[in-house]
Structures are given as structure tokens and as C-alpha cells.
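Have the sequence and the 3D view ready.

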Amino acid sequence: MGRGAVGPPSRYSRRVVANVDRLRQAKGLTVGELLTRAGMTKSYYQSRAGFSLPYNTNDIEALAAALGVSPEELANPAAAPRIEMRVPAGPIAERVRRLIASHGSRESDLLAVLDGIDPALAESARALLAATTNTVVLDEEVLRAVTEWADVPAEYLTDYTDETVTDRTEAELELREAMREAGASSIQFRALGEMSPDALRAIARSLRGRPPAT
């Protein structure tokens, strides 16, 4: 039986995950290309990148080989500096609000969770949601923390131009919202496997056509 991550992810864990993505982007690899080289499935990778389960030493070695670096460089927090990225404030804030709404939560709920992890993450998220400029500079870590809380792929916020990730994630959110409206319990979307966005939307439409659960 597999084990889940113990407690919230540590700063070290978040740095290792960020370092994998930093090195992947520096090598010009897509997530799919990295997984092919490392011999990992998408669901396996997402459970680690989303902090449901930790990377093990075999994972570190496989990813390091795929990225052409040493395992020590990949796993060393000093090799994973703060990754700042300039993002369009309006679209990213809108996505964050969509994630909050999909949980039936409020902005204050998300900010309280982030504050419990690292007050700097909460402050960064607060600045994003209140931004009046066209763009903002964020530590990528705050975007990863938001997607972890929302149970969606990190790429929905960090690689926001990826149309495939966006389509899949927004279909999942439609299903989540339809389930909530129907009075159903939430689910872990990784359990849906490789179901297509069209199939997810079809389920959402079906749920919305039923009377609410009593």
C-alpha cells in the first residue's frame, strides 16, 4: 500500500519540485518529453509534482539522467533558487478565483492555508488577487502552492499558455462544480486517469441535468 506525504510539503520538497521544472525548461523539454526520457507515467509524475507523494531516490536518479544533470544537483536545495516569473495579472488572478470557486471557498480560505505554509506565499497571492497592473512578478512557488491546494496540475498556473493543460483542467473544474451543485462529494481528479476533456464535460452536463441530491 502506498503512503501519502506526511503533513504539508516542506520547503525542501517544494524546492526540489521547482528545480525539476526549472531544469526541464532550461533544457527546452516539455513535460511529456521529460517523462518519456525518465520512464515515468503522467499520473506518477503528477502525484509527485503535486506533493501527494514524495520523489524517492530512484525518481531523482531517473529525472537527473533525463535532464543531463547529477542527482546531487537536482536534489540540492541550493541548486533550486527562487524562481520568479512575470505573469499577466488579470488572467492568472481569474484562474486562481476559478479554483477558489470550484471548491466553494473564499479568497480568505486560500490565503489562510497559504499563510499556514509560509506567510510570504499568502502575501504574494494577496498581491496577485489585488493587482491593478497588467503584469506582476511572482515567486513560482506561490502558484504551485495554490494548485496543490486546488488539486489541479501545477502547469495550469505555471505554464498558463499550455492549451492542453488548460482545456483538461477547466473540464475537470466544470465537473467539480457540477458535482457540488448536484450535492455530490468531491473527488481526487487524478483518479479520473486519462479521461478526455470532452468526456469530463459530458459527465458535468449529465449531472446538471439531474435533480439535486437530497
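Helix α7 (residues 107-117) packs against α9 at an angle of about 115°, and their axes are 11 Å apart. Here, helices are DSSP runs (H or I, at least four residues) numbered from the N terminus, while axes are lines fitted to C-alpha atoms over the stretch in contact, with angles running from 0 to 180 degrees between N-to-C directions. The crossing of α7 and α9 is right-handed; that label applies if the near helix is turned clockwise from the far one by less than a right angle, and left-handed is the anticlockwise case. Who touches whom? On the α7 side you'll find L110, V113 and L114, and on the α9 side V142, A145, V146 and W149, where contact means heavy atoms within 4.5 Å. Sort these residues and you get seven nonpolar, no polar and no charged. For that sorting, Ala, Val, Leu, Ile, Met, Phe, Trp, Tyr, Cys and Pro count as nonpolar, Asp, Glu, Lys and Arg as charged, and the others, Gly among them, as polar.

A quick note on the ground rules: this is a predicted model, so local features need pLDDT of at least 70 and side-chain atom pairs count only at pLDDT 80 or more, while totals for chains, interfaces and linings use all residues. Residues are numbered from 1 along each chain as its sequence is written, and side-chain values use heavy atoms, leaving out hydrogens and water.

Now stay with α9 (residues 140-150) and look at α6: their axes come within 10 Å and cross at roughly 25°. α6 and α9 are therefore roughly parallel (angles under 35 degrees). I92, V96, L99 and I100 of α6 meet L143, V146, W149 and A150 of α9, a contact with eight nonpolar residues, no polar and no charged.

α6 (residues 89-102) also packs with α11 (residues 163-181), at about 30° with axes 9 Å apart. That makes α6 roughly parallel to α11.

Finally, the rings. The charged end of R95 sits over the ring of Y156, 4.6 Å from its centre, which needs CZ of Arg within 6 Å of the ring centre and within 35 degrees of the ring normal. R48 lies over the face of Y44, at 3.6 Å from the ring centre.

How values were computed. Helix = DSSP H or I, 4+ residues; strand = E, 2+ residues; numbered from the N terminus. Parallel < 35°, antiparallel > 145°, perpendicular 65-115°, else oblique.
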